[in-house]
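Thanks for asking for a second pair of eyes on this one. Have the model open while you read, and treat the points below as a guided look around.

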Amino acid sequence: MIEAILRYEFLQNAFMTGILIGLVAPLLGVFIVVRRLSLIADALSHVTLAGIAASLLLEKKFLMFSGLNPLYMGMVFSVGGSLFIEKLRGVYKHYQELAIPIILSGGIGLGVIFISLADGFNTDLFSYLFGSVTAVSRADLWTILAITITVAIVIFLLYKELFLLSFDEEYAKASGLAAKSIHFIFIIMVALVIAASMRVVGILLVSSLMTLPVAASIRIAKGFKQTIFLSVIFGEISVLSGLSLAYYMDLAPGGTIVIISVFILILAILIKKSGFRKIA
Amino acid sequence: MAGKPVIEIKGLSYRYERETVLDNITLTVPENAFLGVVGPNGSGKSTLMKLILGLLKPQHGEIYLFGQEIRRFKNWEKVGYVSQKANSFNTGFPATVFEVVSSGLTKKMGLFKFLKKEDKNKVSKALESVGMLEFSFKNIGELSGGQQQRVFIARALVSDPELLILDEPTVGVDAHNVNSFYQMLGDLNKNRGITLLMVTHDIGTVSDKVTHVACLNKTLHFHGNTEEFEQLERNGLSEIYGHEVHLLDHHHEHEHGGVTR
């Protein structure tokens, strides 16, 4: 396989993207999970789909848009959707989770309209739904690299603020933290990472890489830093072994990656049950 | 004992939509005081807390913290806050006690700063002062309610606050731990000179620790030091304060009663 990776650019792109996403999705995912915002990732991935459909539609109908990378439009929609979710959470203060189904169904609705306007697409759209890591281009790779570096740096610099906001929002506000701005930066990062990871596992599975490694690590980790560390390790194991397995056995890479993270999760639960105990 | 005021509230009113929850409150908390705020449910105690913490904006009247109008107040690291445990945190949160207490330094350290050795020493010291140092590397969810509350006190203490605000801190703490908890608060007040403001249901248990008492039920019914309060109790507090207050004898060595709800 190493030889094949060295020879084929598409395989290089696939593995590089996988490594990046395996790092950044669980890294941000830890904050998403502990803030109980896991479903937001799902809602935003469906909005991203609408953006991709819009981009493909423009490409089909207008010559000037040919060659436009659908990833960019997906990002624009994802960020827009995240802002809209925040707005809705403000409007429905007592039903904050309502924002999620509203955005989720809105995203799909919009996507379906765009698809029908274009009289359907070729296999392209299918690859966005379930991921097609082998279709990642060099341009995609650079974009994903830029997002990964940006997100990693922001999390590093704002670590203690993000921690405080996640652990105890009321205390964060009472201690004079600019909670709104921090949350805003956070949600933009979520939107960008979702748009970036959909190439690897597809829109329908995007939230899995942000939640499954974290769910496994929360079971066994001591403390927050260890939770982050283990989540990233689990994420990388899933992506790398998933891609390799898919390559050898000719399976769908996105699905293989997700199933491996499910196995890791089950393993973590079993280890916890048999191994060390907590006072609880 | 009575120094310059730490909190000064003048003619403060607050309403949620149509319902008035605080009506024309005027209250001064001097330096080194330990003020117990009592009142029935819905008396506006929590709203008063939130206003003092800057979580809500005053609609009428003024609040001064350390002599500065609250809207212009910036030194929030001088104010420590311990909430009702049940309200504000997720017990499954994967953080160690040490990490939780470190987060109390977030504002004081400022943006883009990292925990240095001296900061870590401060965290250990704060944990030691509440008797929780040996639990530093346990996950917060593994502790009992009373232990968790001590950790939150440590989080508030780590930034060396001059004022500590506690909102019913003993909710969810086992009865037999409540006394040692109050003992610790009394020590903080006496030995470290921290001004304390505590909203509580059981003033009876703390009556030998607090220096001042305020009775709140939308308006301020009484505000003064503990001796005046006991005087008032003997003269029939329930008349002014409403029916929800019961005078209660408790099994303390001193024989005066306390007010509880």
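1. **Conventions.** This is a predicted model, in which local features need pLDDT of at least 70 and side-chain atom pairs count only at pLDDT 80 or more, whereas totals for chains, interfaces and linings use all residues. Residues are numbered from 1 along each chain as its sequence is written, chains are lettered from A and ligands numbered from 1 in the order in which they are written, and side-chain values use heavy atoms, with hydrogens and water left out.

2. **Chain A, make-up.** Chain A has 13 helices and zero strands; helices (H or I, at least four residues) and strands (E, at least two) are DSSP runs, numbered from the N terminus. The radius of gyration of chain A is 19 Å, close to the 19 Å that the globule rule gives for 280 residues, so chain A is as compact as a globular protein of that length. That radius is taken over C-alpha atoms, and the globule rule is 2.2 Å times the number of residues to the power 0.38. The C-alpha trace of chain A spans about 60 × 50 × 30 Å along its principal axes.

3. Of the 280 residues in chain A, 54% are buried; buried means under 20% relative accessible area, exposed over 50% and partly exposed in between, with a 1.4 Å probe and protein chains only. Chain A exposes about 12600 Å², and carbon and sulfur atoms supply 72% of it (Shrake-Rupley method, 1.4 Å probe; for residues, only the protein chains shown count as cover). Take the contacts (heavy atoms within 4.5 Å) in chain A between residues at least 6 apart in sequence: 75% of them join residues at least 24 apart.

4. **Nonpolar cores.** The largest nonpolar core has 167 residues, and Leu28(A), Phe224(A), Ile153(B) and Leu185(B) touch the most other members. Helix α10 (residues 179-201) of chain A gives the largest share of this core, 15 residues. Such a core is a set of buried Ala, Val, Leu, Ile, Met, Phe, Trp, Tyr and Cys residues joined through side-chain atoms within 4.5 Å. Leaving aside neighbours within four places in sequence, the contacts of Leu28(A) include Val151(A), Phe186(A), Met189(A) and Met210(A). Another core, of six residues, lies apart from the largest one, and among its members are Ala54(A), Leu57(A), Met73(A) and Phe114(A).

5. **The open sheet of chain B.** Four strands form an open, antiparallel sheet in the order β2-β1-β4-β5 of chain B, where two strands pair if DSSP finds at least two bridges between them. Its edge strands are β2 (19-30) and β5 (68-69) of chain B, each pairing on one side only. Between β1 (residues 5-16) of chain B and β2(B) there are eight bridges, and Tyr14(B) stands opposite Leu22(B) in β2(B).

6. **Parallel strands of chain B.** Are the faces of β3(B) covered or uncovered? Both are covered: Phe34(B), Gly36(B) and Val38(B) on one side, and Leu35(B) and Val37(B) on the other, are all buried. β3(B) runs parallel to strand β8 (residues 195-199) of chain B, joined by four bridges, with Leu196(B) in β8(B) as the bridge partner of Phe34(B). β3(B) also pairs in the parallel sense with strand β9 (residues 212-217) of chain B over four bridges, and there Val37(B) stands opposite Ala214(B).

7. **Salt bridges.** There are ten salt bridges over all chains, each a side-chain nitrogen of Lys or Arg within 4 Å of a carboxyl oxygen of Asp or Glu. Arg7(A) and Glu3(A) form one of them at 3.2 Å, and both residues are exposed. They sit four residues apart in helix α1 (residues 2-7) of chain A, which means they are separated by about one helical turn.

8. **Bridges between distant parts.** Arg35(A) pairs with Glu169(A) in a salt bridge at 3.9 Å, linking parts of the chain 134 residues apart. Arg35(A) is buried at 12% relative accessible area, while Glu169(A) is partly exposed at 37%. Together with Lys173(A), these two residues are linked in a network of salt bridges. In chain B, Lys45(B) and Glu168(B) form a salt bridge at 3.5 Å. Lys45(B) lies in helix α1 (residues 45-52) of chain B and Glu168(B) in the loop between β7 (163-167) and α7 (175-191) of chain B, so the pair ties together parts that are 123 residues apart in sequence. Lys45(B) counts as buried at 4% relative accessibility, and Glu168(B) counts as buried at 8%.
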